[in-house]
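Q: Could we go through this structure together? I would like to start with its open space and then turn to the side chains.

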Amino acid sequence: VSETSQGVLQLYGRYRRYSLASTSGAGVSLVGIVAAVAMGYGLVGVLVGFVLGALATGSILALSALVEVRHRLGKRWWTARLDVLKARWRSVLVFVSSTNISATLSMIAKDGDVLWLGLFRSPSEAGLCRLAYSLAGLVFLPLGSLVQSIYPELARQAARAQWDEFRRLVRRGTGVAAAYIVPAAVVVAGL
């Protein structure tokens with residue numbers, strides 16, 4: 001649901017909504033995890049915090065995408081007939097297959113280190129390594145939204161050779177990233 005909603009919002013240029021949804025979800029995760037640890041719920045509380053954050057992000061993205069699709073395509077967009085795709089079933093199947101294969105390979109590349117660690121060490125050590133990696137990544141999660149939001153506009157500016165606007169956007173994005181990274185790095189270094 002999240003990936004489809006993200007695609008819809010990007011298609012219609014609603015990058016701010018996407019960023020707000022992702023940042024809100026990361027905030028819910030962070031608050032949930034900190035609260036769980038502070039109240040002594042341990043690993044189960046941390047997992048609940050992650051799940052709550054994912055649910056918040058997915059729900060906000062889905063709702064935003066539904067509102068956008070309804071606005072763009074009308075109230076009865078969901079009643080469109082699927083038999084119009086019969087002539088293109090092969091290209092739809094190729095797209096779905098390649099997308100799933102790509103996502104699987106990406107997951108293996110991203111999570112491969114934990115799999116290798118689990119092969120040579122105990123499952124609890126591999127799990128703790130993954131948890132530490134996820135917690136560290138959670139701190140910088142909002143920056144991923146910034147990159148996904150700013151990249152299409154940077155590409156447009158570069159394609160149009162509008163370098164002044166391109167540089168302005170890079171400076172602005174760098175400033176936003178620095179305003180988040182510097183305090184986050186100070187907090188993480190203090191732990």
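A: The answers below take the pocket, the charged pairs and the rings in turn. This is a predicted model, in which local features need pLDDT of at least 70 and side-chain atom pairs count only at pLDDT 80 or more, while totals for chains, interfaces and linings use all residues. Residues are numbered from 1 along each chain as its sequence is written, and side-chain values use heavy atoms, with hydrogens and water left out.

Q: How much space lies in the largest pocket?
A: The largest pocket holds about 690 Å³ of space. A pocket is an open set of points on a 1 Å grid over the protein atoms alone, where a 1.4 Å probe fits and protein lies on both sides within 12 Å along at least five of seven lines. The volume is the space filled by probe spheres set on the points, which are joined across faces, edges and corners.

Q: Which residues lie nearest its centre?
A: Of the 23 residues lining the largest pocket, Glu3, Tyr18, Thr57, Lys110 and Leu141 lie nearest its centre. A lining residue has an atom within 4 Å of a point.

Q: And which helix gives the most to that lining?
A: Helix H3 does, with six residues. Helices are DSSP runs of H or I with at least four residues, numbered from the N terminus.

Q: What about threonine 57, buried or exposed?
A: Threonine 57 is buried because its relative accessibility is 16%; buried means under 20% relative accessible area, exposed over 50% and partly exposed in between, with a 1.4 Å probe and protein chains only. Threonine 57 lies in helix H3, residues 42-73. Leaving aside residues up to four places away in sequence, threonine 57 touches Ala21, Ser22, Gly25 and Ala26, where contact means heavy atoms within 4.5 Å.

Q: Changing topic: how many salt bridges are there?
A: The count comes to eight. A salt bridge is a side-chain nitrogen of Lys or Arg within 4 Å of a carboxyl oxygen of Asp or Glu.

Q: Which residue meets arginine 14 in one of them?
A: Glutamate 68 does, at 3.0 Å from N to O. The pair links distant parts of the chain, 54 residues apart: arginine 14 is in the loop between H1 and H2, and glutamate 68 is in helix H3. Glutamate 68 is buried at 1% relative accessibility, whereas arginine 14 is partly exposed at 30%.

Q: Where does arginine 72 come in?
A: The side chain of arginine 72 also forms a salt bridge with glutamate 68, at 2.7 Å from N to O. Both lie in helix H3, four residues apart, about one turn of the helix. A network of salt bridges links Arg14, Arg17, Glu68 and Arg72.

Q: Now the rings: how many aromatic pairs are there?
A: There are two aromatic pairs. Rings of Phe, Tyr and Trp (its six-membered ring) pair if their centres lie within 6.5 Å; planes under 30 degrees apart count as stacked, over 60 as edge-to-face and the rest as tilted.

Q: Why is the pair of tryptophan 116 and phenylalanine 120 stacked?
A: The pair is stacked because the ring planes are at 15 degrees, with the centres 6.2 Å apart. Tryptophan 116 is exposed at 56% relative accessibility, and phenylalanine 120 is exposed at 63%.

Q: And the other pair, what is it?
A: Tryptophan 163 and phenylalanine 166 form an edge-to-face pair, 5.5 Å centre to centre with 75 degrees between the planes. Both lie in helix H7, residues 163-190, three residues apart.

Notes:
Helix = DSSP H or I, 4+ residues; strand = E, 2+ residues; numbered from the N terminus.
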